[in-house]
Amino acid sequence: MDAIVVVYELERPVGTRTSPGGAPGGARTVRRVHAAPTAPGTPTTTGPRTLCGKDTFAMETARQKPSEHPEAPWYPAEYASVMCPDCDAVMTT
C-alpha cells in the first residue's frame, strides 16, 4: 500500500427531500472516518474499499492527506471520536 486517502462515511438523511436539480437539504453529519488505499495508478483517487472492507462509493473524500504530515494521526483531529477503530488498527500495524 503506497498511499491512503481519508474518507468520510456520512449519516443518511432521514426524511429529506430533494428538489429537482438540487442537493438534499442540509449538511450531512460524519458518521465514521475511514482510511482507504488509493486506486492503482491514480494516487488522488480512492480505491473501492476502505481498510476495514467498506465500500467507498458513497463516501466523501477528505482534504487531509496523511502522507503530508507523517507525525500527525492519519485522521483529522476534529473527528477523533468517530475514527474507525478497524482502519486505525491497520494503520498502526
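This is a predicted model: local features need pLDDT of at least 70, side-chain atom pairs count only at pLDDT 80 or more; totals for chains, interfaces and linings use all residues.

Modeller: Residues are numbered from 1 along each chain as its sequence is written, and side-chain values use heavy atoms, with hydrogens and water left out.

Biologist: Which pattern does the chain follow along the sequence?

Modeller: Helices (H or I, at least four residues) and strands (E, at least two) are taken as DSSP runs, numbered from the N terminus. Read along the sequence, their pattern is β-β-β-β-α.

Biologist: Is Thr50 buried or exposed?

Modeller: Thr50 sits in the loop between β3 (42-46) and β4 (60-61), and its contacts beyond four places in sequence (heavy atoms within 4.5 Å) include His34, Ala35, Ala36 and Cys87. Buried means under 20% relative accessible area, exposed over 50% and partly exposed in between, with a 1.4 Å probe and protein chains only. Because its relative accessibility is 5%, Thr50 counts as buried.

Biologist: What separates the C-alpha atoms of Val82 and Val30?

Modeller: Val82 belongs to the loop between β4 and α1 (85-91), and with 18% relative accessibility it counts as buried. Leaving aside neighbours within four places in sequence, Val82 is in contact with Val30, Arg31, Arg32 and Val33. Although Val82 and Val30 are 52 residues apart along the chain, their C-alpha atoms are separated by 7.9 Å.

Biologist: Where is Arg32 placed, and how accessible is Arg32?

Modeller: Arg32 is found in strand β2 (residues 30-39). Leaving aside neighbours within four places in sequence, its contacts include Val7, Tyr8 and Glu9, as well as Val82, Met83, Cys84 and Pro85. Arg32 is partly exposed, because its relative accessible area is 31%.

Biologist: Why is the pair of Trp74 and Tyr75 edge-to-face?

Modeller: Rings of Phe, Tyr and Trp (its six-membered ring) pair if their centres lie within 6.5 Å, with planes under 30 degrees apart counted as stacked, over 60 as edge-to-face and the rest as tilted. The whole structure holds two aromatic pairs. In the pair of Trp74 and Tyr75, the ring centres are 5.3 Å apart and the planes stand at 90°, so the pair is edge-to-face.

Biologist: How do the residues lining the largest pocket divide by class?

Modeller: On a 1 Å grid over the protein atoms alone, a pocket is an open set of points where a 1.4 Å probe fits, with protein on both sides within 12 Å along at least five of seven lines, and lining residues have an atom within 4 Å of a point. The largest pocket is lined by Glu9, Leu10, Glu11, Arg12, Arg28, Arg31, Asp55, Ala58 and Met59. Ala, Val, Leu, Ile, Met, Phe, Trp, Tyr, Cys and Pro count as nonpolar, Asp, Glu, Lys and Arg as charged, and the others, Gly among them, as polar. The lining divides into three nonpolar, no polar and six charged residues.

Biologist: Which element gives the largest share of the lining of the second largest pocket?

Modeller: Of the 13 residues that line the second largest pocket, the closest to its centre are Ile4, Val5, Pro43, Thr44 and Lys65. At least two residues of this lining are supplied by each of β1 (4-10) and β3. The largest share, three residues, comes from β1.
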